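I opened my notebook to look at one model and write down what I found. Here are my entries, in the order I looked things up.

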Amino acid sequence: MRIDVITLFPELVQTVIEYGVVSRAAEKGLLQLTLWNPRDYTKDKHRTVDDRPYGGGPGMLMKVEPLQACIAAVRLQNPGARLIYLSPQGRLVKQKLINQAAKWENLIFLCGRYEGIDERLLQQEVDEEWSIGDYVISGGELAAMVCVDAITRQIPGALGHKDSAELDSFSAGLLDCPHYTRPEMINGAKVPDVLLNGNHRLIEEWRDKQALGKTWKSRPDLLDNMELNDRQRKLLKEFIAEST
Ligand code: 4F9
């Protein structure tokens, strides 16, 4: 998969492929990340990348011509890629969208800085507008890095099979169950007995029940659009009974 990112801070975005799963995916050739800086497409002596908004007011916008030239250069190298603009106005990014995008093969992320980008340029160039959540951050870079990481995890071969994407939290639409490691006792808090007994059927049942219970407690909205099977409904009923 090839992902191009257009950003005024390429050194920041580059760090997403320097660690962990994403770094190994890049080494294996599963992900090719290319960074593009609109500043390299300026023509004035000061390499200006911002411009004033029509109508006045505080804040600046990204200067149009360097951005246009940069996008054109990216499209030459990555034709047919979908261009995704990251902004709080975009479609909320959920696991399902990430999983779809991982199959698209070629992506371009456009990171805005300052107050954003001229509306006409967005209309003409952008295929999708995504948001990673209802908050404002200082630019699209951190959002692009979140998306690159999440998408890379879904590329076949990127994860070792022990942490395969199917085992991830959210693959079943539920939150993850709690996890425990050594020591057996931490400040008086013991590991749940079921995890120490080696009964793998009981352990799996406990984990499924905890995942359902955690989701019910913390994110009940996730259960609203889910069809639980008989076993899951029984486990959640037990969890609720035990928690009251
Ligand atoms: C982008 C916020 C994506 C949430 C970009 C300021 C942004 C954002 N999701 N905020 N620039």
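**Entry 1: a proline in a loop**

In which loop is the place of Pro-183? I found Pro-183 in the loop between helix 6 (141–152) and strand 8 (185–186). I noted first of all that this is a predicted model. Then I looked up the peptide bond from Arg-182 to Pro-183, and I wrote down that this bond is cis, with omega near 0 degrees.

**Entry 2: positive phi values**

Next I looked at backbone angles. Arg-47 has a phi near 55 degrees, which is a positive value in a residue other than glycine. I located Arg-47 in the loop between strand 2 (32–36) and strand 3 (50–51). Is Arg-47 buried or partly exposed? Its relative accessibility is 38%, so Arg-47 counts as partly exposed.

I then turned to Glu-105, another non-glycine residue with a positive phi, here near 80 degrees. Glu-105 lies in the loop between helix 4 (95–101) and strand 6. I read a relative accessibility of 49% for Glu-105, so this residue also counts as partly exposed. The cut-off for exposed is over 50%.

**Entry 3: aromatic rings**

How many aromatic pairs are there? I noted a count of four. In one of them, the ring centres of Phe-109 and Trp-130 are 5.9 Å apart and the planes meet at 65 degrees, so I call the pair edge-to-face. Planes over 60 degrees apart get that name. Phe-109 sits in strand 6 (residues 106–111) and Trp-130 in strand 7 (residues 128–131), so to speak two distant parts of the chain, 21 residues apart, are linked by this pair. I found both Phe-109 and Trp-130 buried.

Trp-216 and Phe-239 make an edge-to-face pair too, with 6.4 Å from centre to centre and 75 degrees between the planes. This pair also links distant parts of the chain, with Trp-216 in helix 7 (residues 200–218) and Phe-239 in helix 9 (residues 230–243), 23 residues apart.

Over the ring of Trp-104 sits the charged end of Arg-82, 3.9 Å from the ring centre.

**Entry 4: around the ligand**

My last stop was the ligand. Which residues are around the ligand? My list includes Leu-86, Ser-87, Pro-88, Trp-130, Ser-131, Ile-132, Tyr-135 and Ile-137.

I looked for polar atoms next. A ligand nitrogen is 2.9 Å from a polar backbone atom of Ile-132, and a ligand nitrogen is 3.2 Å from a polar backbone atom of Ile-137. On its own the ligand has 290 Å² of accessible area, and the protein covers 91% of that.

Which strand gives the most to the shell around the ligand? Strand 5 does, with three residues. Strand 5 (82–92) and strand 7 each supply at least two residues of the shell. Sorting the shell by class, I wrote down seven nonpolar and five polar residues, and no charged ones.

Note on methods. Residues are numbered from 1 along each chain as its sequence is written. This is a predicted model: local features need pLDDT of at least 70, side-chain atom pairs count only at pLDDT 80 or more; totals for chains, interfaces and linings use all residues. Side-chain values use heavy atoms; hydrogens and water are left out. Rings of Phe, Tyr and Trp (its six-membered ring) pair if their centres lie within 6.5 Å; planes under 30 degrees apart count as stacked, over 60 as edge-to-face and the rest as tilted. Helices (H or I, at least four residues) and strands (E, at least two) are DSSP runs, numbered from the N terminus. Buried means under 20% relative accessible area, exposed over 50%, partly exposed in between (1.4 Å probe, protein chains only). A charge sits over a ring if NZ of Lys or CZ of Arg is within 6 Å of the ring centre and within 35 degrees of the ring normal. A residue is near a molecule or strand if one of its heavy atoms lies within 4 Å of it. A polar contact is a pair of N or O atoms within 3.5 Å; within protein, one must be able to donate a hydrogen and the other to accept it, and residues adjacent in sequence count only if both atoms are side-chain atoms. Accessible areas come from the Shrake-Rupley method with a 1.4 Å probe; for residues, only the protein chains shown count as cover. Ala, Val, Leu, Ile, Met, Phe, Trp, Tyr, Cys and Pro count as nonpolar, Asp, Glu, Lys and Arg as charged, and the others, Gly among them, as polar.
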